[in-house]
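Student: Hi! I'd like to talk through a structure with you. Could you put it up first?

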Amino acid sequence: MSTSSTSHATPRETTEGTVYTVTGGDWDEVVEAAAKTDDERIVVNMGPQHPSTHGVLRLILEIDGETVTEARCGIGYLHTGIEKNLEYRTWTQGTTFVTRMDYLTPFFNETAYCLAVEKLLGIQDDIPDRATIIRVLLMELNRLSSHLVCIATGGMELGATTIMIYGFRDRELVLDIYELITGLRMNHAFVRPGGLAQDLPPGAVDQVRAFVKKMRKNLTEYDKLATGNPVFKGRMQGIGYLDLAGCLATGATGPVLRSAGLPHDLRKSDPYCGYETYDFEVPTTDTCDAYGRFLLRLEEMRQSLRIVEQCLDRLEPGPVMVGDKKIAWPAQLALGPDGLGNSLDHIKKIMGTSMEALIHHFKLVTEGFRVPPGQAYVAVESPKGELGVHAVSDGGTRPYRVHFRDPSFTNLQAMAAMCEGGQVADVIVAVASIDPVMGGVDR
Amino acid sequence: MSDPDKSTHGTGANGVNPDKDLNAQNLPGQRGDQGEVIGVRRGMFGANNGGDTSGYGGLVRTVRLPGATSRPYGGWFDEVADELEGALEEQGLVPENVIEKTVVDRGELTFHIEREYLPVVAKTLRDDPALRFELCTGVSAVHFPGDKGRELHAVYHLRSITHTRLIRLEVSAPDGDPHIPSVVSVYPTNDWHEREVYDFFGLIFDGHPALTRIMMPDDWQGFPQRKDYPLGGIPVEYKGAQIPAPDQRRSYS
């Protein structure tokens, strides 16, 4: 045993053996030396398989002790080539693909895509009012379900599992409505170029009304549980800070931008689907942090409920698909013993009575419709921000190119600015406050 | 976007709904002989090796995108164009050299910009108080293999929150020299967007801080969203029938 003079753990012999007494008088020196050699500086790879990175997001963090000095994103793990695939399907089949991009906001993807196709066709003014109102209704319900997932998973990542249970409980109510209306809980492909696949089923309006009433009550529980909770506030306030200049530079939109105090909402500034006729407010905060974004999402859900109610009041019987039979597909669906399909009446008509109708049906289903050449850009305010669709046609029956400007993709760029200089644990909070969905980021 | 003229909402270049335009040639999706030719489609069913015996094999359809529009453009479009031209002149540039052409179609304003001037134009659009396009919504690209000498188009959408306006910039580059100056220095948000376009189209953005692949693996060969890049896929059996891969199925040219 060597007892060097620099050692502060001096040994002393006892009957039980050698005993070392650690005095620890030089810890300041030790820490200083460690800081000089940079031994504490390590690179941590978080993800792509990590429960709190929101899907397959990979974060590469360079940390010095508990401080993040550099944060980078690795994305692309969920790239499925949807934009390329669209070029090999008809314009109508496109909705089946785009609904799978950001899988938490399917109705926004579908509506944005269909609005772009309708703009290319020049038929915006021919879309029936009922179809537009139901689109708004579904989008606002979708805003609720998306924000609920954001709040639920964000809470879970902080360890607040109760909020997670509450969020998914309420989201389930929204999904039940989706299931009633479209038949599916996600990946609906319900909004089609020209209108909707189907009208609302009987009982849908009553169920939505009951939901609005229940949801108004449930929303107060989030306030009681989280808004004033000191632990919750302690974890969220001042975390994920991004001011207005940072938001505009990184192109961040949606709750991230509005948490910096700018009331920019495309529903107000560039209205589509008749949003200018609805009565609602665009909430903002000036805290620029994760807590502000949480409060915004809660308030946006309340505003969405207001819009949903107005939609219900406006619904009047009428068609839900454009009158032009060369575009309107599917137009005559009915539920059969083997699921949803062309109604027997329609089949009887085209097979038995009208050869012209059969030819039209065949052409529409196999070939689709042609869209005049040109390009169009349509943007909608998705729960995450500006969801833009750039659609190009070469006059054919298939999209020549469709590009989605997904808000998750753009907002995720702000991650580094929010996280660098903060603590490792706060990275999770910052990322959760951006609410990225990798299906939308990678497409 | 505040639409300058609601009555022309959803109409074509000549102010008429293209579907109802009597002057258009009587072919679906065809618009007369104005516009910019970007390709020619032959036949009807995508077969171009003599396999099309339907009688449609001889069909020739020229693809024309909406061409240059002459003034007045209508509404605030003229104001933006005037301000942009004025601001460029102040910087000692000749607007005709910078702006190739201006297209107004479907209620949208597009400036086709010579690629070397893109960063100057972007900076002007962002900083001029009368223009103030603060938000760039990224860059998208389109590959037109038939548009010789300008096969690759990069498309930028700029949004002005101050004036609630939206415009489009379009820049083209030939396949042989796929270079476009980066605008990351003006709009940092385009960092990832330019990486994405590089990844999928092989457009090289000169001056980008780190132009690497973003979606595809780093060692991927080729640029998947170019038109000559196959979609791929395998035939699938469904109820006893072989369904060919999507890019092998019948298509309507």
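Student: How many helices and strands does chain A come to?

Tutor: The secondary structure of chain A comes to 18 helices and 12 strands. Helices (H or I, at least four residues) and strands (E, at least two) are DSSP runs, numbered from the N terminus. This is a predicted model, where local features need pLDDT of at least 70 and side-chain atom pairs count only at pLDDT 80 or more, while totals for chains, interfaces and linings use all residues. Residues are numbered from 1 along each chain as its sequence is written, chains are lettered from A and ligands numbered from 1 in the order in which they are written, and side-chain values use heavy atoms, with hydrogens and water left out.

Student: And what box do the C-alpha atoms of chain A fill?

Tutor: Roughly 110 × 45 × 45 Å, taken along the principal axes.

Student: What percentage of chain A is buried?

Tutor: Of its 443 residues, 57% are buried. Buried means under 20% relative accessible area, exposed over 50%, and partly exposed in between (1.4 Å probe, protein chains only). The accessible surface of chain A is about 17700 Å², and carbon and sulfur atoms hold 55% of that. Accessible areas come from the Shrake-Rupley method with a 1.4 Å probe; for residues, only the protein chains shown count as cover.

Student: Which residues form the nonpolar patch on the surface?

Tutor: A:Leu344, A:Ile347, A:Met351 and A:Leu358, with about 410 Å² of accessible area together. Patches are made of residues with over 30% relative accessible area and no salt bridge, with like charges joined within 9 Å and nonpolar side chains (Val, Leu, Ile, Met, Phe, Trp, Tyr) within 5 Å. A salt bridge is a side-chain nitrogen of Lys or Arg within 4 Å of a carboxyl oxygen of Asp or Glu. Helix α13 of chain A gives the most to this patch, with 3 residues.

Student: Is A:Met351 buried or exposed?

Tutor: A:Met351 lies in helix α13 of chain A, and it counts as exposed because its relative accessibility is 61%.

Student: Where is A:Ser343, then?

Tutor: In the loop between β9 (339-342) and α13 (344-353) of chain A. A:Ser343 counts as buried, because its relative accessibility is 13%. Leaving aside neighbours within four places in sequence, A:Ser343 is in contact (heavy atoms within 4.5 Å) with A:Gln332, A:Leu333 and A:Ala334.

Student: Switching over, what does chain B's secondary structure come to?

Tutor: Chain B has 4 helices and 11 strands, and 51% of its 253 residues count as buried.

Student: Which residues gather in its patch of negative charge?

Tutor: B:Glu83, B:Glu89, B:Glu90 and B:Glu96. Here Asp and Glu count as negative and Lys and Arg as positive, with His and the chain ends not counted. The place of a charge is taken as NZ of Lys, CZ of Arg, CG of Asp or CD of Glu. The largest share, 3 residues, comes from helix α1 (residues 76-90) of chain B. B:Glu83 is in that helix, and it is partly exposed, with a relative accessible area of 33%.

Student: Last one: what does B:Arg226 touch?

Tutor: Not counting residues up to four places away in sequence, B:Arg226 touches A:Lys84, B:His143, B:Leu152, B:Asp175, B:Phe200, B:Phe201 and B:Gly202. B:Arg226 is found in the loop between β9 (204-206) and β10 (236-238) of chain B, and its relative accessible area of 13% is why it is buried.
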